[in-house]
Amino acid sequence: MTYSTLAMSIAESPTLRLNEEARLLRERGAAVIHLGIGEPKNRAPLSAILSAASKLNTGDIKYSPTDGIPSLKKAIIRYTEENYDRLVAPENVIVSAGAKQSIFNILYSILNPQDEVIILAPYWVSYPEIVKMCYGVPIVVRPEDGSFHPRFEEIERVVTSSTKAIILNSPNNPSGIIFSDEFLAKIVDFCERKGIYIIADDIYHKLVFDGKHPTPAYKFSTKDSENTKIIAVNGVAKLYGMTGFRIGWAIAPRKLVQVMTNVQSQVTTCVSPFLQDAAEGALTGLQSIVDQLRLTMQNNRDVMMQELHAFTGIKCVKPQGTFYCLPDFRAYKQDSVALSDFLLKRAYVVTVPGKEFGMEGHLRLSYAGSIKDVTDGIARIKWALDPNSPNEIYIGDKKMIRDWL
Ligand code: PMP
């Protein structure tokens, strides 16, 4: 049996694979701590649940418009006006099954085979794979100074006549950093002059700490909604901790939205209407839930930083948003895949190898779980790696003795 060469070249999502490994270990009774997870533990907002439930109660769940139900689009337009200072038309909005599908639809709709898409390391694991699925070529730019902040000059250097788009993700998964206004202004101006699309993945834009208010890339565009090269991507997954509802959206010039709608119509027809109702409920309901989530994550970040500071040899850039950090573990091991595997097998802690995000030698740690997950998780990692830490630890009610250092 043979399969598509392209499909066979697509890597499994490492985060989803790790979720599955953790689940299997737990099933076998292991007290696994999940520092790999990309979702907070909150309950979905009541307004979202009620809205979805009332739609379900009608029993009338049918196909809905491919680009999204009008009332959700209206809520997204209001959200866009409030957060991007832009009044867009319904024809500029398309709802998809998560921001992931939005990004796929965009790339599928703009790329010709061999078109290049610039991806800034550290990057979200799915970007290169989605670009490849759309017959494009991912061009990864890594900050030469070893920081996590991209530099305009380094990006400019890789632009060719084949460059079709650049993906910006700020606040950034996996580093948690926010791109500076100066950088965003420069890159937006450059791309709009050169006709290069900017896909602004703003999925974490409200999960920001220390009173910061990052400016979305969209705000730097001097073009109107039909002529801008910026496509803004957002969704309810991280904003409201509604990952399982699978609702994301894109704001783009209407011509592009039309193309994306045709693509989506042939793949998934539409997004489930009661899940769209849930997203509408979240967007139009009490917004204090976003603040609560943000403050919880900020507190978790602080605890994570405190634990990592007390960890000999570990360096970590302080995240300004998201629920991730990307500490440098090279003092212990270069190979992040081997390190992550070792920590899962020996200490039952899930981490995600930095290699998957284009940053070898690092591990992505999530603080979306509980404070106890953070403190116990780091204590276990310390026990597994640091010879100066006590060589006994309790994992669940099992006393574990370190015999490998
Ligand atoms: N973009 C980034 C940067 C993400 O981290 C994620 C989820 N991990 C997504 C997009 C996908 O979001 P959704 O669940 O809405 O598909």
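## Conventions

Helices (H or I, at least four residues) and strands (E, at least two) are taken as DSSP runs, numbered from the N terminus. This is a predicted model, where local features need pLDDT of at least 70 and side-chain atom pairs count only at pLDDT 80 or more, while totals for chains, interfaces and linings use all residues. Residues are numbered from 1 along each chain as its sequence is written.

## Around the ligand

Helix α5 (residues 98-110) gives the most to the shell around the ligand, contributing 3 residues. Of the 13 residues around the ligand, those that come nearest are Gly98, Ala99, Lys100, Gly235 and Ala237; a residue counts as near if its C-beta atom, placed from the backbone, lies within 6 Å.

## Two packed helices

Let's turn to a helix pair. Helix α11 (residues 288-309) packs against helix α13 (residues 371-385) at an angle of about 15°, and their axes are 9 Å apart. Here axes are lines fitted to C-alpha atoms, for helices over the stretch in contact, with angles running from 0 to 180 degrees between N-to-C directions. α11 and α13 are therefore roughly parallel to each other, a label for angles under 35 degrees.

On the α11 side, the contact is made by Asn300, Val303, Met304, Glu307 and Leu308, and on the α13 side by Ile371, Val374, Thr375 and Ile378; contact means C-beta atoms, placed from the backbone, within 7 Å.

An open sheet of 3 strands runs in the order β9-β12-β11, with antiparallel pairing; strands pair if DSSP finds at least two bridges between them. The edge strands, β9 (324-325) and β11 (352-353), each pair on one side only. Between β11 and strand β12 (residues 363-366) there are 2 bridges, and Val352 stands opposite Arg364 in β12.

Methods: Angles under 35 degrees count as roughly parallel, over 145 as roughly antiparallel, 65 to 115 as roughly perpendicular and the rest as oblique. Two residues are in contact if their C-beta atoms, placed from the backbone, lie within 7 Å.
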